[in-house]
Amino acid sequence: MVSATAGTARARGARSDADGYVLRTATARDLGGARAVMLDTVYRDLRSGYVPRWHADIIDPEAAYLRPERCTLLVVEHGGEIVATGAVRDRGPQAPPNPQWVADRFPSGSTAQLCRIYVRPEHRRHGLARRLVRELGAFAARAGGYTSLYLHTDPAVPGAEPFWRALAHEVCDERALPGGGQGIVHFELPLPGRADGSGA
C-alpha cells in the first residue's frame, strides 16, 4: 500500500497488494471512476441522491481534493476499475446544520475531515476502508497544521456505525439530541503522531 504525500509527489509510488488492490493518490484520469463510486453510494446507500450543498465536491473533486495542498483524494483500483475512494478536506463541520459546539470543537483549517470513504459492495470485506483510513490519517499528519481528525457518519447505512465505533471515539450522537438532530454520529480519530489524538 502506498502512502500519499502532499503536492506533486502525492500520486507516485503506487503498488499492487497481493490481493490485486492498488491504493494510490488519485490523478485527473481517476476522477470519472471516483465520481461514479461516490454518486452510486449517495444514491444507493445514503439514499439522499445528489444534493448540491452537500455534494459539490463529488462533481468537482479536482477543485476539492487535487489542487489544495492539504487535501487529498485516494482511490483503490482493482482490475482497471476504481472500486473505492477516500478523502481528506481541510474543513470542519459547519453550524448549522451541525451542533454549534461540534463546529467549535473542529474548526476549519486545523481540522482534517475524513470524507467519501466509499467501497463498492462487491469489494467490501477486503479491508479497503481500513486501509484508506490509515493512509488518510498518515496524510493528514504529514500535511501539517492539523490538530484533529474528524468525521461523521449516517448510522442508517448498513455497517457504517459499527465500523467507525471500532476505530474512532464518539463525540456526538445526534439521535440523542432533542428532535434527533440530523440523525448522524460525529467521531474523532487519533491523529497519527499525537499521543492523545484529542487535538487539544
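At 37% relative accessibility, Glu81 counts as partly exposed in this predicted model, whereas Arg120, with a relative accessible area of 11%, is buried. These two residues form a salt bridge in which the closest N and O atoms are 3.7 Å apart. Because Glu81 lies in strand β3 and Arg120 in the loop between β4 (111-119) and α5 (128-143), the pair ties together parts that are 39 residues apart in sequence.

The structure holds 16 salt bridges in total, and a further one involves strand β3 (residues 81-89), in which Arg89 lies. The side chain of Arg89 meets that of Asp57 in a salt bridge with an N to O distance of 3.9 Å. Since Asp57 belongs to helix α2 (residues 52-59), this pair ties together parts of the chain that are 32 residues apart in sequence. Both Arg89 and Asp57 are buried. Burial is likewise found for Asp30 and Arg24, whose side chains meet in a salt bridge at 2.5 Å, N to O. Elsewhere in the chain, salt bridges link Glu161, Arg165, Glu170, Asp173 and Arg175 in a network.

A polar contact of 2.9 Å is made between the side chains of Glu188 and Arg105. Glu188 is found in strand β7 (residues 185-189), and its relative accessibility of 4% places this residue among those counted as buried, because the limit for that class is under 20%.

With regard to aromatic residues, a search of the whole structure finds two pairs. In one of them, the rings of Phe106 and Tyr150 have their centres 4.9 Å apart and their planes at 40 degrees, so the pair is tilted. This pair links distant parts of the chain, given that Phe106 is located in the loop between α4 (100-105) and β4 while Tyr150 is located in strand β5 (residues 148-153), 44 residues apart. Phe106 and Tyr150 are both buried. The other pair is formed by Phe163 and Trp164, whose ring centres lie 4.9 Å apart and whose planes stand at 80 degrees, so that the arrangement is edge-to-face. Of these two residues, Trp164 is buried, with a relative accessible area of 8%.

An aromatic ring also takes part in a contact with a charged group: the charged end of Arg70 sits over the ring of Tyr146, at 4.0 Å from the centre of that ring.

Methods. Residues are numbered from 1 along each chain as its sequence is written. This is a predicted model: local features need pLDDT of at least 70, side-chain atom pairs count only at pLDDT 80 or more; totals for chains, interfaces and linings use all residues. Side-chain values use heavy atoms; hydrogens and water are left out. A salt bridge is a side-chain nitrogen of Lys or Arg within 4 Å of a carboxyl oxygen of Asp or Glu. Buried means under 20% relative accessible area, exposed over 50%, partly exposed in between (1.4 Å probe, protein chains only). Helices (H or I, at least four residues) and strands (E, at least two) are DSSP runs, numbered from the N terminus. A polar contact is a pair of N or O atoms within 3.5 Å; within protein, one must be able to donate a hydrogen and the other to accept it, and residues adjacent in sequence count only if both atoms are side-chain atoms. Rings of Phe, Tyr and Trp (its six-membered ring) pair if their centres lie within 6.5 Å; planes under 30 degrees apart count as stacked, over 60 as edge-to-face and the rest as tilted. A charge sits over a ring if NZ of Lys or CZ of Arg is within 6 Å of the ring centre and within 35 degrees of the ring normal.
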